[in-house]
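Please read the points below with the sequence and the model open beside you, and look up each residue as you come to it.

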Amino acid sequence: MIRVLVAEDMHILREALVELLSLNDDIEVVAGVASGLEIVPAALECRPDVAVIDIDLPGMDGVAAAAELRRALPECAVLILTALTKPGVLRRALGARIAGFVPKDIRPAELAAAIRTVAAGERAVDPALALVALEAPESPLSQRETEVLRMSATGAQPAEIAERLFLTYGTVRNYLTSAVTKLGARNRVDAIRIATESGWI
């Protein structure tokens with residue numbers, strides 16, 4: 001039996017996924033969550049074999065949540081569902097060593113097959129999505145700049161970011177300034193817009 005966690009913020013879609021997956025004799029949905037922040041706590045509690053995660057989640061996006069899940073529960077394979085085709089987001093997902101990456105309009109039987117594939121330790125990546133990802137330009141931002149800019153995009157102020165990342169206030173300001181410069185942005189808001197549209201945060 002493959003134990004599955006489903007993360008989807010739209011209630012009706014989450015319920016539909018649970019119902020459809022439950023029709024398979026070898027798949028058991030052990031948890032359903034609505035935000036990226038709920039994924040790791042739920043996974044640590046119910047220990048799924050596979051987490052099916054919508055890429056566009058509130059609180060923490062699916063790729064960031066998947067990376068957190070890999071650190072907290074490395075034995076849980078991650079299968080990302082997406083309706084987004086932003087090349088940078090797809091590249092970030094592949095870079096996070098996610099086991100599977102499939103479009104949201106996938107047929108139920110194909111989704112179940114993808115779950116079985118990643119549960120067996122293999123990869124299930126939609127070829128069209130992989131091609132979009134490979135054609136994407138790489139982010140010019142460092143990992144820390146990306147992290148700081150992503151937190152800034154949620155409304156966090158430099159002092160709060162510094163506290164959460166155990167950095168000094170000045171270091172956070174330097175990362176933000178560097179990100180603005182590298183992206184050729186007018187200011188921090190413009191940098192967030194550019195990075196978001198490119199799928200880099």
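Predicted model: local features only at pLDDT ≥ 70, side-chain atom pairs only at ≥ 80, totals over all residues.

1. Arg91 is a place to begin, and it is found in helix α4, where helices (H or I, at least four residues) and strands (E, at least two) are DSSP runs, numbered from the N terminus. At 28% relative accessibility Arg91 counts as partly exposed; buried means under 20% relative accessible area, exposed over 50%, and partly exposed in between, with a 1.4 Å probe and protein chains only. The C-alpha atoms of Arg91 and Arg173, which are 82 residues apart along the chain, are separated by 27 Å.

2. Residues are numbered from 1 along each chain as its sequence is written, and side-chain values use heavy atoms, with hydrogens and water left out.

3. Val89 also has its place in helix α4, and with a relative accessibility of 7% Val89 counts as buried. Which residues does Val89 touch, not counting residues up to four places away in sequence? They are Ile55, Val63, Ser198 and Gly199, where contact means heavy atoms within 4.5 Å. Although Val89 and Ser198 are 109 residues apart along the chain, their C-alpha atoms are separated by 7.5 Å.

4. Gly199, one of the residues that Val89 touches, follows helix α10 and has a positive phi, near 80 degrees. Within α10, which runs over residues 188-197, the residues Asp190, Ala191, Ile192, Ile194 and Ala195 are buried, and what covers the buried residues of this helix includes α7 (143-153) and α9 (169-182). At the start of α10, a side-chain oxygen of Asn187 reaches to within 3.2 Å of the backbone nitrogen of Val189.

5. The UniProt record, in an unreviewed entry, places the feature "modified residue: 4-aspartylphosphate" at Asp54; UniProt positions are given in the numbering used here, feature names are shortened, and annotations may be inferred rather than shown by experiment. Asp54 is found in strand β3 (residues 50-54). Is Asp54 buried or exposed in this model? Asp54 is buried, because its relative accessible area is 3%. Setting aside residues up to four places away in sequence, Asp54 touches Ala7, Glu8, Asp9, Gly62, Leu81 and Lys104.

6. Thr82 belongs to strand β4 (residues 77-82), and it counts as buried because its relative accessibility is 3%. Leaving aside its neighbours within four places in sequence, Thr82 is in contact with Ile55, Leu90, Phe101, Val102, Pro103, Lys104 and Leu129.

7. The largest pocket has a volume of about 1300 Å³. On a 1 Å grid over the protein atoms alone, a pocket is an open set of points with protein on both sides within 12 Å along at least five of seven lines, and lining residues have an atom within 4 Å of a point; grid points are joined across faces, edges and corners, and a volume is the space filled by probe spheres set on the points. The largest pocket is lined by 39 residues, of which Asp61, Ala64, Arg92, Thr146 and Arg150 lie nearest its centre. Two or more residues of this lining come from each of α3 (62-72), α4 (87-95), α7 and α10, and α7 gives the most, with 6 residues.

8. The second largest pocket holds about 180 Å³ of space. At least two lining residues are supplied by each of α1 (11-22) and α5 (108-119), and the largest share, 4 residues, comes from α1.

9. Arg47, in the loop between α2 (36-46) and β3, has a phi near 50 degrees, a positive value in a residue other than glycine, and Arg47 is partly exposed, with a relative accessible area of 44%. Phe166, in the loop between α8 (158-165) and α9, has a positive phi of about 60 degrees although it is not a glycine, and at 77% relative accessibility Phe166 counts as exposed.

Key. Polar contact = N/O pair within 3.5 Å; in protein donor to acceptor, adjacent residues only side chain to side chain. 1 Å grid on protein atoms, 1.4 Å probe; cavity = no way out; pocket = protein on both sides within 12 Å on 5 of 7 lines; lining within 4 Å.
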